[in-house]
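These are my notebook entries on a single structure. I looked up its cavities, its nonpolar cores and its salt bridges, in that order.

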Amino acid sequence: MKIGILGAGSWGTALTVLLSDNGHDITVWSVDEKEIEMLDTKREHLTKLPGVKLPDSVRFTTDEQEVCKDAELLVMVVPSPFIRSTAKRVAPYITEAQTIVNVSKGIEDESLKTLTEVIHEEIPQCKVGVLSGPSHAEEVGKRMPTTVVAGAKDEKTALMIQDAFMNDYFRVYASPDVIGIELGGALKNVIALAAGVGDGLGCGDNAKAAIITRGIAEIIRLGTAMGGELETFAGLSGIGDLIVTCESKHSRNRKAGFLMGQGKTYKEAMDEVQMVVEGVYSAKAAYKLSQKYGVEMPIVSVVNRLLFEDLNAEEGMKMLLTRNRTSESTRLAWDNEQA
């Protein structure tokens, strides 16, 4: 299959290795001329994924038309804040016979749309799907075992994406729940910021487990209110991705939160991480969506105050612990007559 990859960062580089292993004809695009020159000459992303060598067969370009021409599948892997602008750039070169798979994670702040909704809005003529799950580029680039889920509204598109990516170290499941997959991937980054703050404060394993558990409860409340399926949030793109992003040394969201827990501002933390911290961009959108759908999301609320209202990290943790008493599940009730 001829595949174009839109975005040449760490994840784009790792997926280039994966898709090349699968025998596909790959062209990689980036708007950054210096990045493309480095990849073309060194066959390695020296700053974002050092040590992962790219096959000689892969082509690199800054030309949107070249990467799109005749590609059966286009992989959208630019950071979430640049999804719309990139979609606009390539839209004139996309035909109805082509498929775009979004592998970035986020929610557009202004419109509150998921990324596949943004892509479809800008490129309505093509089919759009999503690929998500616990999948750090650092491990995929080294061909370490990974499992994700491919989603699309029609089965044929989902299975096409599944077939393109799946191999003996990268297992892909298929699902029709596009909204659930995307919300899980976006919202877990916000919860991972909170988990990192807890680590930075030295709160320990008990607090980490609480943030992960109550975090998935918040994701489920909002996700199901927006039409996602409970089973999806209990799967790879929900709890699976949340665990790895809250726990892993590779997680830029956890690292940014850790630095904030140690007293740095979010801007200082982002500068030190030196990569796009998606949770910062999704946090405002997640809070706005919680208000729109009338869903209680205390962790998301505190993260927003930490990021944008200069709330002290210790005070934020205390706010979560001292909220009004409540039941763990609003769906369970006591049978007082038989007690």
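**Entry 1: the largest cavity.** I looked up which helices line the largest cavity and found that helix H8 (178-201), H15 and H16 each supply at least two residues of the lining. I take helices (H or I, at least four residues) and strands (E, at least two) as DSSP runs, numbered from the N terminus. The model is predicted, and local features need pLDDT of at least 70, side-chain atom pairs count only at pLDDT 80 or more, and totals for chains, interfaces and linings use all residues. Residues are numbered from 1 along each chain as its sequence is written, and side-chain values use heavy atoms, with hydrogens and water left out.

H16 gives the most to this lining, with four residues. I noted the residues that line the largest cavity as Ala194, Val197, Val302, Val303, Leu306, Ala313, Gly316, Met317 and Leu320. Eight of them are nonpolar, one is polar and none is charged. For these classes, Ala, Val, Leu, Ile, Met, Phe, Trp, Tyr, Cys and Pro count as nonpolar, Asp, Glu, Lys and Arg as charged, and the others, Gly among them, as polar.

The largest cavity holds about 50 Å³ of space. A cavity is a set of points, on a 1 Å grid over the protein atoms alone, where a 1.4 Å probe fits but cannot get out, and lining residues have an atom within 4 Å of a point. Grid points are joined across faces, edges and corners, and a volume is the space filled by probe spheres set on the points.

**Entry 2: the second largest cavity.** My search of the whole structure gave three cavities of 30 Å³ or more. The second largest cavity has a volume of about 40 Å³. Strand E8 (127-132) and H8 each supply at least two residues of its lining, and E8 has the largest share, three residues. I recorded three nonpolar, four polar and two charged residues in this lining; among its members are Asn102, Lys105, Leu131 and Glu182.

**Entry 3: the nonpolar cores.** A nonpolar core is a set of buried Ala, Val, Leu, Ile, Met, Phe, Trp, Tyr and Cys residues joined through side-chain atoms within 4.5 Å. Buried means under 20% relative accessible area, exposed over 50%, and partly exposed in between (1.4 Å probe, protein chains only). The largest core has 46 residues, of which Ile191, Val303 and Leu307 touch the most other members. H8 provides the largest share of this core, 11 residues. A second, separate core of 35 residues includes Leu39, Val58, Leu131 and Val140.

I then followed isoleucine 191 (contact means heavy atoms within 4.5 Å). Leaving aside neighbours within four places in sequence, isoleucine 191 is in contact with residues including Ile211, Glu218, Leu242 and Ile299.

**Entry 4: the salt bridges.** A salt bridge is a side-chain nitrogen of Lys or Arg within 4 Å of a carboxyl oxygen of Asp or Glu, and by this rule I count 18. Arginine 84 and glutamate 122 form one of them, at 2.7 Å from N to O. Arginine 84 lies in helix H4 (residues 83-90) and glutamate 122 in helix H5 (residues 115-122), so this pair ties together parts that are 38 residues apart in sequence. Arginine 84 is buried, at 17% relative accessibility.

A salt bridge also joins arginine 323 and glutamate 296, at 2.9 Å from N to O. Arginine 323 is partly exposed, at 33%, whereas glutamate 296 is exposed, at 53%. Finally, I noted that salt bridges with shared partners join Arg84, Glu108, Lys113, Glu121 and Glu122 into one network.

Note on methods
On a 1 Å grid over the protein atoms alone, a cavity is a set of points where a 1.4 Å probe fits but cannot get out, and a pocket is an open set with protein on both sides within 12 Å along at least five of seven lines; lining residues have an atom within 4 Å of a point.
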